[in-house]
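Please consult the sequence and structure shown here.

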Amino acid sequence: MDFKLVKDYFFWLCWQYQIISCCADLESWERSKFNTILLTIFAMVVYTAGVFIPIHIHLAWEFFSKMCDYHCTISN
């Protein structure tokens, strides 16, 4: 892929983000504060998902494996 195409694509993505979030209308210090808050919220969501989703998957696996073992002992 051509470097200019990649650069134009990222510029287009950045412009779309600014239009969707109305950052294009903000002053630079307002845009900085908005992006910092948004990035902080996004980082907290990713961290929380990374910590708690594996725990929930593990607990669900234990629950369903115990259910299967329980049914297997009843049928024998």
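The sections below treat the aromatic pairs and then a nonpolar surface patch.

## Basis of the model

The structure is a predicted model, and local features are reported at pLDDT of at least 70.

## Aromatic pairs

Three aromatic pairs are present in the structure. One of them joins tyrosine 9 and tryptophan 12 in a stacked arrangement, with 6.1 Å from centre to centre and 25° between the planes. Both residues belong to helix 1, which spans residues 3-20; they are three residues apart, about one turn of the helix. Tyrosine 9 has a relative accessibility of 44% and is therefore partly exposed. Tryptophan 12, with a relative accessible area of 45%, is likewise classed as partly exposed.

Phenylalanine 63 and phenylalanine 64 form an edge-to-face pair, at 5.2 Å centre to centre and with 70° between the planes. Phenylalanine 64 counts as exposed because its relative accessibility is 53%, and the cut-off for that class is over 50%.

## Aromatic cluster

Tyr9 and Trp12 also belong to one aromatic cluster, together with Phe10.

## Nonpolar surface patch

A nonpolar patch on the surface is formed by Tyr47, Val51, Phe52, Ile55 and Leu59. Together these residues contribute about 490 Å² of accessible area.

Leucine 59, one of the patch members, is located in helix 2, which covers residues 28-75.

Definitions and conventions: Residues numbered from 1 in each chain as written. Predicted model: local features only at pLDDT ≥ 70, side-chain atom pairs only at ≥ 80, totals over all residues. Heavy atoms only, no water. Patch = residues over 30% accessible without salt bridge, like charges linked within 9 Å, V, L, I, M, F, W, Y side chains within 5 Å. Areas by Shrake-Rupley, 256 points an atom, 1.4 Å probe, with all protein chains shown as cover. Salt bridge = Lys/Arg side-chain N within 4 Å of Asp/Glu carboxyl O. Helix = DSSP H or I, 4+ residues; strand = E, 2+ residues; numbered from the N terminus. Phe/Tyr/Trp six-rings, centres within 6.5 Å; stacked < 30°, edge-to-face > 60°. Buried < 20%, exposed > 50% of the residue type's maximum accessible area, 1.4 Å probe, protein only.
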